[in-house]
Amino acid sequence: MKTLDQLRAARAYATMAAADEDTLSRARALPAMLHLNGLLAVWAFFLAKSLQQPPLLGELLAHFRAFDPLQPIPTEATPYATFLAWVGTAKAPGLEAKQLRDLTAEAVVFSGWLKRAAEARVPSEASPGDREGRHG
């Protein structure tokens, strides 16, 4: 049986293997964005950039779905519909504080793997401190 970190790493490296330059750049910035702004603000930022195919949000949703019971997310839910369900609407109350903290914590950990995978694709753009720790 694989560990949760092995599953996160495998998903992240598979995602970044086919990513374009814009997605690689955004993946490298994602952990810091989540730490500074939180999941909801980062989600809203990406939605504002593109409602059609928000960079990385589809992959984060797929990751959250794979790691239930964080917060059950319907398979058909779009990033926009998911955001509305999380913040709450007149029809739904939104997430409880603990649920949002759990999702945010998982997003931070998974985004770290996305960043590592993106840097592995473009090692010359990794920060000098990151390269010093690499062997081989």
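The model is predicted, with local features needing pLDDT of at least 70 and side-chain atom pairs counting only at pLDDT 80 or more, while totals for chains, interfaces and linings use all residues. Residues are numbered from 1 along each chain as its sequence is written, and side-chain values use heavy atoms, leaving out hydrogens and water.

Helices are DSSP runs (H or I, at least four residues) numbered from the N terminus. The axes of α4 and α6, which are lines fitted to C-alpha atoms over the stretch in contact, with angles running from 0 to 180 degrees between N-to-C directions, come within 11 Å and cross at roughly 115 degrees. The table lists the residues that make this contact, where contact means heavy atoms within 4.5 Å.

| Helix | Span | Contact residues |
|---|---|---|
| α4 | residues 57-66 | E59, L60, H63 and F64 |
| α6 | residues 97-121 | L103, E106, A107 and F110 |

Within α4, the residues L57, E59, L60, L61, H63 and F64 are buried, a word that stands for under 20% relative accessible area with a 1.4 Å probe, protein chains only. The cover over these buried residues of α4 includes α1 (4-17), α2 (21-37), α3 (39-49), α5 (79-87) and α6.

Conventions
Helix = DSSP H or I, 4+ residues; strand = E, 2+ residues; numbered from the N terminus. Buried < 20%, exposed > 50% of the residue type's maximum accessible area, 1.4 Å probe, protein only.
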